Amino acid sequence: MESPDFNQIIDRHNSGSVKWDFLNRYLHLNETDLLPMWVSDFDFQCPKEVLQALSSRIDHGIFGYSERDDLYYQAAIDWFSRRHKLTLHRDWFTSIEGVIPGLALLIQMLSKPGEGVIVQGPYYSSFAKVITMNGRAVIENPLLEDIEGYKIDYDHLEHILEQHRPPLLLLCNPHNPTGRCWDRDELLQLLILCKRYGTTVISDEIWADLILPWGKFTSILHLGNEWHSHVIAATSASKTFGLASLRISNFIIPDRTFRQAFNDRLNAHGLDVFNSLSMTAATAAYQYGDTWLDKLQDYLAENRDWFEQALASSVPWCRMTKAEGTYLAWLDCRNLGLDDNTLQQLLIQKAKIAVSMGYSFGDKGKGFIRINLGCPRQYLEKAISGLAQLTT
């Protein structure tokens, strides 16, 4: 296999890229000289085997109604067995075009208007969006900051479970934006509490493959059959292999009643046809992507190590949160003593980088920024140079 060159600079301008072409639309930034490091979308080509599979499918030339075939299911099942030692059954799989649309449908299905859904701040902003825009209330269980990373506040969790009796908790594992991978004991303690109060846990595990060498991913489904009537896991090849616009995700639902209700809701919304290119790409990625992903994980770990050392040397006021997964850096900028608006203006005007501002992840994100390390090293060098300008 040809070794991927993750240092290669690929011009993504004028490709319809949200990250590179739509800073104005999404962040209201008119500047044209900003380095975009905000969207969790990496700047690497997907595996050659995926490109070849897509090319062959396009050459076929017919794109009629398509369905998931045996290869699609088997490739995913084998991937989770091989990479995560997780045994999944074909009939547990339900599919939809994206994790967030699936979360929205599950929120509609498993809760009533006005009820609350728990998220753990700092939380991915799209969680709050699909909760509130579906007429539910965000109930925050803020994570506890620790020098070794973030931890779940179980005392507070039990308090809000008892007080609100919410039907749902949205878990992010690995956690965006902090990069924490919840271990077995942490997940078990969370499930015990949620089961006690009748709360179903939906675990967004889209980052599961992007684990750092010192990290370990534990799925909510690793904990055994006794929890299957209380959990749903969301997965996709999109984050792992850079296939975000080839939208297909799998919601793994062991409980038959939940699964039938979710399939009924998909049918009610006419979501019963699948993109042939999306299925082709995901199948090829799961079949042939191991070696490519191993090399990507090594590169992302090197990027993180380099970035942390560069921060310590050139940007000492900025502390990077320890992480076990993702290619995101959660950076504590509170030592600058600036409010978020001032910080954002300095990042634009002096650092010349576009980041995800921490306040968009809820109150626990104030004073932080999130930077995407899934890019060629040259971009990280430019980001460090820009951050160093903030105190000059």
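Reader: In which segment does Asn-14 lie?

Author: This is a predicted model, in which local features need pLDDT of at least 70, side-chain atom pairs count only at pLDDT 80 or more, and totals for chains, interfaces and linings use all residues. Residues are numbered from 1 along each chain as its sequence is written, and side-chain values use heavy atoms, with hydrogens and water left out. Helices (H or I, at least four residues) and strands (E, at least two) are DSSP runs, numbered from the N terminus. On that basis, Asn-14 lies in the segment before α1 (18-21).

Reader: What phi does Asn-14 have, and is Asn-14 buried or exposed?

Author: Asn-14 is not a glycine, yet its phi is positive, at about 60 degrees. Buried means under 20% relative accessible area, exposed over 50%, and partly exposed in between (1.4 Å probe, protein chains only). With a relative accessible area of 75%, Asn-14 is exposed.

Reader: Where does Arg-165 lie, and what is its relative accessible area?

Author: Arg-165, also not a glycine, has a positive phi of about 45 degrees. Arg-165 lies in the loop between α7 (154-164) and β7. The residue is partly exposed, and its relative accessible area is 47%.

Reader: Which residue does a cis peptide bond join to Pro-177, and what is omega there?

Author: Pro-177 is placed in the loop between β7 (168-172) and α8 (184-196). The cis peptide bond joins Pro-177 to Asn-176, with omega of about 25 degrees.

Reader: What is omega at the cis peptide bond of Gly-121 and Pro-122?

Author: Pro-122 is found in the loop between β3 (116-119) and α6 (125-132). For the cis bond that joins Gly-121 and Pro-122, omega is about 5 degrees.

Reader: Which strands are the edges of the open sheet of four strands?

Author: Two strands pair if DSSP finds at least two bridges between them. The sheet has the order β11-β12-β15-β14, with antiparallel pairing. Each edge strand pairs on one side only, and these edges are β11 (319-320) and β14 (356-357).

Reader: Which residue of β12 stands opposite Met-320?

Author: Strands of a sheet pair through backbone hydrogen bonds, either parallel or antiparallel. β11 and β12 (residues 328-332) pair in the antiparallel sense over two bridges. Opposite Met-320 stands Leu-331.

Reader: How far apart are the end C-alpha atoms of residues 37-385?

Author: UniProt, in an unreviewed entry, places the feature "domain: Aminotransferase class I/classII large" at residues 37-385. Over these residues the chain is 42% helix and 15% strand, and the end C-alpha atoms are apart by 14 Å.

Technical notes:
UniProt positions renumbered as here; feature names shortened; annotations may be inferred.
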